[in-house]
There are 2 protein chains.
Amino acid sequence: MIQTPYLLFLGDAPDALAAKVAQGIKDWRPENCVGQYRMEGCKADLGLVDMTLEEAKAAGAKTLVIGVANRGGVISQAWKKVLVQALEEGFDLASGLHNLLRDEKDLAAVAEATGQALHDVRVPEVEYPIANGKKRSGKRVLAVGTDCSVGKMYTALALDAEMRERGMKSTFRATGQTGILITGDGVPLDAVVADFMAGSVEYITPDNDEDHWDIIEGQGSLFHVSYSGVTMALIHGGQPDALILSHEPTRAHMRGLPDYTPPSLEAVRDMALALAKVANPECQVLGISVNTQHMNDEEALAYCQKVEGEMGLPTVDPFRHGAGRLVDALAEI
Amino acid sequence: MIQTPYLLFLGDAPDALAAKVAQGIKDWRPENCVGQYRMEGCKADLGLVDMTLEEAKAAGAKTLVIGVANRGGVISQAWKKVLVQALEEGFDLASGLHNLLRDEKDLAAVAEATGQALHDVRVPEVEYPIANGKKRSGKRVLAVGTDCSVGKMYTALALDAEMRERGMKSTFRATGQTGILITGDGVPLDAVVADFMAGSVEYITPDNDEDHWDIIEGQGSLFHVSYSGVTMALIHGGQPDALILSHEPTRAHMRGLPDYTPPSLEAVRDMALALAKVANPECQVLGISVNTQHMNDEEALAYCQKVEGEMGLPTVDPFRHGAGRLVDALAEI
């Protein structure tokens with residue numbers, strides 16, 4: 001569990017895209033962000049107050065979150081200077097970088113000396129149990145995709161935001177590094193050892209109030225041969241009451257797999273539902289989220305209407321149209 | 001890769017069952033076993049020649065394989081004495097114990113000093129790639145089960161033995177610790193990090209002669225919520241041309257999951273085949289192996305005949321009836 005609120009470290013980001021993790025945190029959990037820290041030459045700007053470490057500390061920030069990609073997989077000396085100072089000032093550090101904070105000898109030594117935590121969210125911090133499959137109280141929804149990177153995290157965050165807006169009980173359950181940094185908690189599922197995958201999903205979605213929704217971030221796709229095992233563990237460990245199908249309609253082939261054609265929504269619906277019913281016989285497919293970023297407004301609406309007609313399920317792009325109609329469907333069960 | 005041949009260490013096994021790993025090695029790869037090493041009070045006997053370390057060394061043994069479960073998860077001092085001496089005599093050590101050889105400081109130090117290897121087969125020794133899904137040459141068969149521990153490893157080893165007997169090209173591909181110790185190679189799939197599961201299966205079943213069969217050891221079950229992700233990775237990483245369904249008909253509930261009823265063979269066939277076709281559209285279900293250990297001969301035969309009539313697939317218990325009819329079916333594709 002990462003201590004909030006955060007000071008978002010944008011470093012020397014060469015452009016806005018390099019700081020997309022920070023952007024995600026600011027978009028979805030603005031209440032967790034006291035400000036941004038930018039180094040000389042930084043080309044990203046989240047529109048938050050620029051703060052020094054001292055100012056952020058005074059404003060209550062507990063953790064400096066590295067919200068920017070580093071160049072060439074190296075934590076530069078310029079960064080180091082800030083990170084070491086942050087530890088000395090009493091901040092924890094959190095990072096989703098491939099190269100781990102804990103593997104940097106200077107950071108590890110200063111963290112130990114100061115008693116501050118280094119959170120490398122790519123690495124599990126918990127010894128997860130093996131899944132026991134026992135029925136849990138409360139409700140759960142999982143987004144399952146036709147492919148990787150089709151908007152499952154966005155969909156889940158949008159569902160969570162809409163539910164909170166309506167005063168429903170809801171918790172976004174992160175299963176990837178960006179989601180973990182956004183919310184401060186979750187499981188980096190792709191880094192969990194095989195035997196404990198489903199157990200880790202059970203662990204982050206425990207018994208809850210009957211009217212509480214866990215909104216579980218999806219990963220991979222049952223039809224993506226590289227990562228389907230991870231998706232499978234989410235379906236069985238998550239024990240979802242509802243599935244939302246996520247789709248990006250302009251993709252010519254599965255991400256990273258040029259010889260693989262994306263499956264139809266019907267195929268994903270049938271496969272995912274049949275598997276989900278093993279863990280939860282009551283599971284239903286309740287809606288479809290479409291990532292229409294490569295379409296104009298008119299095309300996007302027409303596409304969603306066409307799919308809605310074919311599938312008989314509320315179909316929206318949560319980014320364009322909001323997640324309201326999906327939450328309407330979830331609220332009925 | 002573990003160096004063969006082996007001296008099988010039975011230690012102070014309290015009974016034959018405690019030495020079942022050694023028994024498996026002796027049953028399936030007798031050519032890999034020069035003899036057995038028994039300590040005082042050992043109640044297991046594989047019927048191999050009892051040898052001292054010196055005798056086994058002279059007979060060509062390269063690795064001392066711990067073929068016995070230890071008591072209470074501790075490697076006792078009595079064992080240690082033998083293991084250290086074995087390293088000093090020039091043996092490698094191989095073990096599937098939960099507590100790792102490498103974590104024993106004395107063993108690690110002696111192994112380093114002598115230059116001998118410690119193989120803890122529960123831990124992956126390879127940095128596996130992410131699966132790329134590219135079509136590979138050669139043929140592959142995978143056993144998929146209605147549940148865990150229904151005889152998938154036995155089925156695969158029996159298929160491999162029958163193919164070798166017929167002069168077909170065949171390699172058993174181990175995916176669990178016992179299988180790895182039997183053959184000296186493979187992947188401990190349940191200990192692989194999620195993102196690399198399918199890639200590890202691709203890695204151990206590379207391009208091969210068009211008439212060569214990889215017989216891939218199955219794990220878990222698509223219907224076992226604790227381990228289904230591992231099964232999924234085998235189906236997609238293994239890219240099987242053929243599936244054999246494995247079943248144990250007397251089980252009242254899924255192993256370790258009292259609330260879960262085992263699926264029908266039809267359900268496993270339909271689900272596994274649909275998923276397998278994502279990676280290999282030509283995949284077929286070609287036979288059924290039944291573990292009839294809790295039936296008498298007559299019941300076993302009647303059950304297999306009944307299933308064969310219902311499913312229209314050759315159905316045998318490879319232990320009782322041999323794997324010949326399954327290999328007949330595989331040989332036709």
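Tutor: Buried area is the accessible area (1.4 Å probe) that two parts lose on being put together, summed over both. This is a predicted model, in which local features need pLDDT of at least 70 and side-chain atom pairs count only at pLDDT 80 or more, whereas totals for chains, interfaces and linings use all residues. Residues are numbered from 1 along each chain as its sequence is written, chains are lettered from A and ligands numbered from 1 in the order in which they are written, and side-chain values use heavy atoms, with hydrogens and water left out.

Student: What is the area buried between chain A and chain B?

Tutor: With contact taken as heavy atoms within 4.5 Å, 33 residues of chain A are in contact with 33 residues of chain B. Carbon and sulfur atoms give 64% of the area buried between chain A and chain B, which is about 2,700 Å².

Student: How many salt bridges are counted between chain A and chain B?

Tutor: A salt bridge is a side-chain nitrogen of Lys or Arg within 4 Å of a carboxyl oxygen of Asp or Glu. The structure holds 38 of them over all chains, but between chain A and chain B the count is zero.

Student: With which side chain does Arg251(A) form a salt bridge?

Tutor: The N to O distance of this salt bridge, which joins Arg251(A) to Asp147(A), is 3.0 Å. With helices (H or I, at least four residues) and strands (E, at least two) taken as DSSP runs numbered from the N terminus, the pair links distant parts of chain A, 104 residues apart. Arg251(A) is in the loop between strand S9 (242–247) and helix H9 (265–279), and the loop between strand S6 (139–145) and helix H5 (152–165) holds Asp147(A).

Student: Why does Asp147(A) count as buried?

Tutor: Buried means under 20% relative accessible area, exposed over 50% and partly exposed in between (1.4 Å probe, protein chains only). Asp147(A) counts as buried because its relative accessibility is 1%.

Student: Is Lys306(B) buried or partly exposed?

Tutor: Lys306(B) and Glu310(B) meet in a salt bridge at 3.5 Å, N to O. Both lie in helix H10 (residues 297–311) of chain B, four residues apart, about one turn of the helix. At 45% relative accessibility, Lys306(B) is partly exposed.

Student: Why is the pair of Phe9(B) and Trp79(B) classed as it is?

Tutor: Rings of Phe, Tyr and Trp (its six-membered ring) pair if their centres lie within 6.5 Å, and planes under 30 degrees apart count as stacked, over 60 as edge-to-face and the rest as tilted. The whole structure has ten aromatic pairs over all chains. In one of them, the ring centres of Phe9(B) and Trp79(B) are 5.2 Å apart and the planes stand at 85 degrees, so the pair is edge-to-face.

Student: How many residues apart in sequence are the parts that this pair ties together?

Tutor: Both Phe9(B) and Trp79(B) are buried. Phe9(B) lies in strand S1 (residues 6–11) and Trp79(B) in helix H3 (residues 77–88) of chain B, so the parts tied together are separated in sequence by 70 residues.

Student: Which residues touch the most other members of the largest nonpolar core?

Tutor: A nonpolar core is a set of buried Ala, Val, Leu, Ile, Met, Phe, Trp, Tyr and Cys residues joined through side-chain atoms within 4.5 Å. Beyond its neighbours within four places in sequence, Ile235(B) is in contact with residues including Leu142(B), Val144(B) and Leu275(B). The largest core has 92 residues, and those touching the most other members are Leu222(A), Ile235(A), Leu222(B) and Ile235(B).
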